[in-house]
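Student: I am new to this structure. Could you walk me through how to read it?

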Amino acid sequence: MRLIYEESVAGRRGVALPASDVPVSESLPEELLRVVPAELPQLSELDLVRHFTNLSRRNFSVDTHFYPLGSCTMKYNPRVLEDAALLFEAFHPMTALLPGGEELCQGSLGLLYDLGQLLADITGMDEVCTQPLAGAQGEMTGIMLIAAYHRARGKRKRYVLVPDSSHGTNPASAAMAGYEIITVASGTQGDMDMELFRQAMNDQVAAVMMTCPNTLGLFNPRIREICDIAHSHDALMYYDGANLNAILGRVRPGDIGFDVVHVNLHKTFATPHGGGGPGAGPLGVRQALIPFLPLPRVRMDEHGRLCLETESELSIGRCANFFGNFGVLARAYAYITMLGRQGLMRVSEAAVLNANYIKERLKGHYELPHDLPCMHECVFSASRQLAQGVHAIDIAKYLIDRGFHPPTVYFPLNVREAIMIEPTETESRATLDGFIDAMIEASGLAESNPRVLLDAPLTMPVSRLDETKAARELKVCW
Ligand SMILES: *Cc1c(COP(=O)(O)O)cnc(C)c1O
């Protein structure tokens, strides 16, 4: 593949600009004037279209490949939702904040209000703030609310407790909000060790952050007991609902005993993501925390008219510009209303069924650290293949050659050589079988011809990269 500058041919043009009718300025200082023309690639429109189309075909995406990236939920996003997002194009985010502006955007405010109600119903919370722009921002906002809640009751607590299987953003968000972190190790069943948890709990703990099902894809059967223990120490329970796919329409964190929940709309409610694109991490809370929620809050007055509450004594303030990522919120609203209660239940049913199908078919070929019914994802270990010198990363790279995006590897951290597979609910059995066959082949190759795995991928423009360096020191020029 050639770079766009290499395709350049002097004199070729893809656009024809009209002659400038702006008078040349006399007042610009000489040293600011460009003397040598900018060195831009010169291409025809067709050259350009081919260049970028071919470049995009080098990519893996949900639209082109099966993408079982555990914890990140790369599921198919129905195209009709893009239309829903576009309906709100004309809504300028400043409108509602201008005098008399609320009248002009009752529809948009209505969407925010209704989405908040739907998410409150889905999570079992009393009110939902749709502002946070990502899961991690939802977490940090939630922990700041928890801190404000304790402070308002005259308490300054020191710690936030997380299990060792937690997503890295959990301890990071709590630390950013000013807390010290206590990490609790997992027991043999993959759940937080109850004895260690009891020992770690004390009255200085402000909150316990949990993901349930956890990042091993396991639902903690003692989650109610954990909430009770935390509450007995006046700690609040935080539910990391980045991925609700396993429990949609079946379990509500609020009914279990959680006090604060964030949800990633870009993992559960149909916004395409990856590559750091826009997301949304709405935050739900129980009644006692509502006064601390970020502003502005969308309220409905007694005439059914929507308005904005812009001042409140106890609010922690704003957490995002305007109203969050509105297009992401519009897609989620359309997705939830399109599927309805029954549809959402079928999502969780198929997500869990697909993960268990993969787990059962692969467990004879890969070490399964926790052989229990899983939820929306299952976690294997490549420890058996390690005996042949093959690591999880080698299997992941081989899958690229076979036309599959690799699953998440080396996470969660508490499983050695982890391979974390989340098939999502939108894949057919034929696709799952194709992936499973490739995984079985990889385990066979680890025995018979490990070189193929160690050298993979062979079908890509580049083979093995220093992925950390590639992300941190991105070279956008050649
Ligand atoms: C993705 C994820 C997060 C973080 O969400 P971002 O939107 O990437 O900030 C937090 N917790 C879990 C369990 C996740 O999977």
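**The shell around the ligand**

Tutor: By class, the ligand's shell has 3 nonpolar, 6 polar and 3 charged residues. Here Ala, Val, Leu, Ile, Met, Phe, Trp, Tyr, Cys and Pro count as nonpolar, Asp, Glu, Lys and Arg as charged, and the others, Gly among them, as polar. This is a predicted model, where local features need pLDDT of at least 70 and side-chain atom pairs 80 or more, while totals for chains, interfaces and linings use all residues. Residues are numbered from 1 along each chain as its sequence is written, and side-chain values use heavy atoms, without hydrogens and water.

Student: Which residues surround the ligand?

Tutor: A residue is near a molecule if one of its heavy atoms lies within 4 Å of it. Ser71, Ala134, Gly135, Ala136, Glu139, His167, Thr169, Asp240, Ala242, Asn264, His266 and Lys267 surround the ligand.

Student: Which element gives the largest share of that shell?

Tutor: Helices are DSSP runs (H or I, at least four residues), numbered from the N terminus. The largest share, 3 residues, comes from α5.

Student: How far is a polar side-chain atom of Lys267 from an oxygen atom of the ligand?

Tutor: A polar contact is a pair of N or O atoms within 3.5 Å. For Lys267 the distance is 2.7 Å. A side-chain N or O atom of His266 lies 2.8 Å from a ligand oxygen, and one of Asn264 lies 3.0 Å from a ligand oxygen.

Technical notes
A polar contact is a pair of N or O atoms within 3.5 Å; within protein, one must be able to donate a hydrogen and the other to accept it, and residues adjacent in sequence count only if both atoms are side-chain atoms. Helices (H or I, at least four residues) and strands (E, at least two) are DSSP runs, numbered from the N terminus.
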